[in-house]
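Trainee: I have a structure to read and would like to learn how each feature is judged before I look at the case itself. Could we go through it together?

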Amino acid sequence: MTDIINQLAGIADDSPLGTLRASRDVTFNAAAGSYRELITPADPGGLSHVERNAVAYRIALLETSPAVSEHHRQRLEAAGVTPAQLAAIESFPSASDQLEPHLTAALTHSDLLTRAPREATAAEIAALRAAGFATRDIISLSQLIAFVSFEVRLLSALRILQEEQA
Amino acid sequence: MSNETIGWTVEMLEWAPWLETIHEAGHTRDEVAAIEEAVPVVKGSRYFATLAHDLPALRERTALFSNAMRSAGGASNAERELAAVVTSRINGCVYCASVHARAYNVYARKPAVIEEIYAEGVDTPIAAADVREQVIINFSAKLTRDHSAMTAADLAPLRAAGLTDLEILDVTQAAAMFAWANRLMLTLGEPERIEP
């Protein structure tokens, strides 16, 4: 079975780009490992799998990364997230009354870090704590946001390498 | 101390977390020792000792970071460090830039490149940069700011400068790794000057 990055990029493992990615075996395995530990960790702590998918979905929309947003939208639908809640994530924060305050806090943080990382301050950490985030949950959320920022950029570069070969 | 107070520098800085480190979180000595054994970088760094609250994520991130910045063949160490500095300059991470500007200077021995990037940003040509460095600067900047609008045409300057598929993957992974690293360092703490 192929890894998540090749799957989202539409790269076959035995294609030239698949061989190229596999030749950097440590980054290849650690990118997939990061997805596993940040989107589907065995012990998610206080940041649920649904919340993790919601954050990744929101970032992928802001970053205009269709493969990543479609992936997480499907996972949210499969987990029973309602159309109204999906719409609230898509239009965040205008319909945030449809979302739990804990998820609203996570999305507020991910929107800031995605759009304007230099504007982050200690006040955002305090806001997450006030919304019930433990220290570990704040670290997990920050790593998740940062991972998706990495992932969408890697996928954009793989997309144009594919276009170049076509 | 904020990013703005310190300003762009190649001096060695400290980084101070806004959250407690794993050493300040009330773990037993055995628990701390187990964490330090699992991810040894936790021992000497408040940054990693903060990230260690989510150990599985830190373990994967550390492997990805190390190999994105250093691996046999492909883009040179200097080229990967340059991609890291360009990304950090755009995102506003003074601490990240300082560390990787020093590393770039060790490998490239052309401090004028960093001086220009610090003073002018990355939107005008860097006089001290060679052709390969300039196309890496431009590619890293677009990947940071507007990756979704990139097309195959964005690869043409890299190809004209002689970059291979592997070198392009390496530059991509270094720049993208700093989309990651900048966001962590900017949201979890702030740079500090080292007091003499």
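Mentor: Let us begin with the elements: helices (H or I, at least four residues) and strands (E, at least two) are DSSP runs, numbered from the N terminus. This is a predicted model, in which local features need pLDDT of at least 70, side-chain atom pairs count only at pLDDT 80 or more, and totals for chains, interfaces and linings use all residues. Residues are numbered from 1 along each chain as its sequence is written, chains are lettered from A in the order in which they are written, and side-chain values use heavy atoms, with hydrogens and water left out.

Trainee: How many helices and strands are there in chain A?

Mentor: Chain A has nine helices and zero strands, so that from the N terminus its elements read α-α-α-α-α-α-α-α-α. The radius of gyration, taken over C-alpha atoms, is compared with a globule rule of 2.2 Å times the number of residues to the power 0.38. For chain A the radius is 16 Å, close to the 15 Å that the rule gives for 166 residues, so the chain is as compact as a globular protein of that length. The C-alpha trace of chain A spans about 50 × 30 × 30 Å along its principal axes.

Trainee: Is His109(A) buried or exposed, and which residues does it touch?

Mentor: Buried means under 20% relative accessible area, exposed over 50%, and partly exposed in between, with a 1.4 Å probe and protein chains only. His109(A), which lies in helix 7 (residues 101-115) of chain A, counts as buried because its relative accessibility is 2%. Contact means heavy atoms within 4.5 Å, and, leaving aside residues up to four places away in sequence, His109(A) touches Glu124(A), Leu128(A), Leu141(A), Ser142(A), Ile145(A) and Thr187(B). Buried residues make up 55% of the 166 residues in chain A.

Trainee: What does Ala33(B) count as?

Mentor: Ala33(B), found in helix 2 (residues 29-38) of chain B, counts as partly exposed because its relative accessibility is 38%.

Trainee: At what angle do helix 6 and helix 10 of chain B cross?

Mentor: Axes are lines fitted to C-alpha atoms, for helices over the stretch in contact, and angles run from 0 to 180 degrees between N-to-C directions. Angles under 35 degrees count as roughly parallel, over 145 as roughly antiparallel, 65 to 115 as roughly perpendicular and the rest as oblique. The axes of helix 6 (residues 94-108) and helix 10 (residues 165-188) of chain B come within 8 Å and cross at roughly 130°, and the two helices are therefore oblique to each other.
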